[in-house]
Amino acid sequence: MSSAPDALLDLLDLLDLEQIEQDIFRGTSRSAIVPRVFGGQVAAQALVAAGRTVPADRPAHSLHSYFLRAGDPGAPIVYSVDRIRDGRSFTTRRVVAVQHGQPIFHLSASFQTDEEGLEHQADMPAAPGPETLPTAAEMLPRYADRFSDPSVVDRLIEARAAVDLRYVDAPPFGTVGEPREPRSQVWFRTNGKLADDPLLHVCMATYVSDMTLLDSVLLAHGRGGWAVGDVVGASLDHAMWFHRPFRADEWLLYDQESPSASGGRGLGQARIYTQDGRLAITVIQEGVVRVPREG
């Protein structure tokens with residue numbers, strides 16, 4: 001099993017795309033806990049590709065994306081960037097991720113020069129401090145009996161080794177069969193310091209944002225998730241708004257809830273706060289959430 005520093009270096013290598021032509025980049029994938037490319041990886045890599053065609057003084061302020069096909073973790077992903085607009089204040093990029101000749105992911109991202117303007121934000125909700133909560137390596141073994149495959153615990157710990165992610169309350173697989181309020185909170189930060197590159201911190205938060213956002217959908221119905229086997233699903237779309245500067249190597253509170261589930265889909269929405277209470281990011285995602293058919 002990789003150590004935390006090694007896992008973080010591996011993740012940073014994953015986000016360091018190879019440029020193969022002007023506005024065309026190539027990325028690889030890491031082993032995933034499901035037999036497809038992790039959605040947060042594709043979104044983060046696409047944002048890296050977009051950001052590398054934008055002046056450094058224009059940070060990302062939003063992204064909107066669709067997951068079109070399951071990615072093949074054994075094949076490279078080619079990211080093609082279209083320079084949609086370069087305005088005086090805003091820059092817009094469109095990115096298409098392609099594998100085996102087919103698009104698997106589409107992203108539109110907008111970047112803006114720094115400006116002064118009106119200021120207000122939603123208050124940070126109450127939450128215990130991250131240092132008071134168990135790490136993934138401490139928490140996950142407690143639920144080993146919930147998984148039909150005993151290797152799931154080690155695979156989950158390995159998949160999250162680059163990120164210190166701590167649940168405020170029990171995760172969905174910890175309370176199977178017990179419907180709860182459709183709300184979940186986690187603290188996260190990278191397991192090590194990052195360079196002082198705003199694009200890197202935004203891309204790292206994008207990567208992590210796909211890990212737990214649909215948990216609140218599962219909680220509302222007492223479902224444990226893919227690892228328990230009582231639901232199947234995948235991300236459909238993902239949108240983020242970056243409001244204020246932050247560092248992904250410092251604690252961030254991911255406050256998530258689900259306002260609706262219907263038609264085999266579930267919606268998750270969330271706010272991400274810095275530890276000192278600044279609203280840094282808003283996230284919304286819809287995913288397929290289906291109950292497996294019996295027989």
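Buried means under 20% relative accessible area, exposed over 50%, and partly exposed in between. The views below show a predicted model.

**View 1. Gln256 is a buried residue of strand β10**. The relative accessible area of Gln256 is 0%, so this residue counts as buried. Who are its neighbours? Ile284 is 28 residues from Gln256 along the chain, and their C-alpha atoms are separated by 9.3 Å.

**View 2. Glu18 is a partly exposed residue of strand β1**. Its relative accessibility is 42%, so Glu18 counts as partly exposed. Neighbours within four places in sequence are set aside here. Beyond them, Glu18 is in contact with Ile24, Phe25 and Arg26. Val208 is 190 residues from Glu18 in sequence. In space, the two C-alpha atoms are 22 Å apart.

**View 3. An open sheet has 12 strands**. Read across the sheet, the order is β1-β2-β4-β5-β6-β3-β9-β12-β11-β10-β8-β7, and the pairing is antiparallel. The edge strands are β1 (18–21) and β7, each pairing on one side only. On average, neighbouring strands are turned by 25 degrees against each other, direction ignored. Strands of a sheet pair through backbone hydrogen bonds, either parallel or antiparallel.

**View 4. Strands β11 and β12 pair in the antiparallel sense**. Strand β11 covers residues 265–274, and strand β12 covers residues 279–290. Their pairing runs over 9 bridges. Tyr273 has Leu279 of β12 as its bridge partner.

**View 5. Strand β7 is an edge strand with both faces covered**. Which residues lie on each side of β7? Val163, Leu165 and Tyr167 are on one side, with Asp164 and Arg166 on the other. Strand β7 pairs with β8 (residues 183–190) in the antiparallel sense, over 5 bridges. Asp164 has Arg189 of β8 as its bridge partner.

**View 6. Helices α1 and α5 pack at an angle of about 105 degrees**. Helix α1 covers residues 4–15, helix α5 covers residues 198–209, and their axes are 12 Å apart. The angle makes α1 roughly perpendicular to α5. From α1, the contact uses Leu8, Leu11, Leu12 and Leu15. From α5, the contact uses Leu200, Met204 and Tyr207. By class, this contact has 7 nonpolar, no polar and no charged residues.

**View 7. Helices α2 and α5 pack with their axes 7 Å apart**. Helix α2 spans residues 39–51, and the angle between the helices is about 160 degrees. Angles over 145 degrees count as roughly antiparallel, so α2 and α5 are roughly antiparallel to each other. Their crossing is right-handed. Helix α2 brings Gly40, Gln41, Ala43, Ala44, Leu47, Val48 and Gly51 to the contact. These meet Leu199, Val202, Cys203, Thr206 and Tyr207 in α5. The contact divides into 8 nonpolar, 4 polar and no charged residues.

**View 8. Helix α5 lies across several strands**. Those strands are β3 (60–67), β7, β8, β9 (232–242), β10 (252–262) and β12. Against β9, helix α5 runs at about 150 degrees.

Conventions:
Residues numbered from 1 in each chain as written. Predicted model: local features only at pLDDT ≥ 70, side-chain atom pairs only at ≥ 80, totals over all residues. Heavy atoms only, no water. Axes fitted to C-alpha atoms, helices over the stretch in contact; angles between N-to-C directions. Helix = DSSP H or I, 4+ residues; strand = E, 2+ residues; numbered from the N terminus. Parallel < 35°, antiparallel > 145°, perpendicular 65-115°, else oblique. Contact = heavy atoms within 4.5 Å. Nonpolar A, V, L, I, M, F, W, Y, C, P; charged D, E, K, R; others polar. Buried < 20%, exposed > 50% of the residue type's maximum accessible area, 1.4 Å probe, protein only. Pairing = 2+ DSSP bridges. Left-handed = near helix turned anticlockwise from the far one by under 90°.
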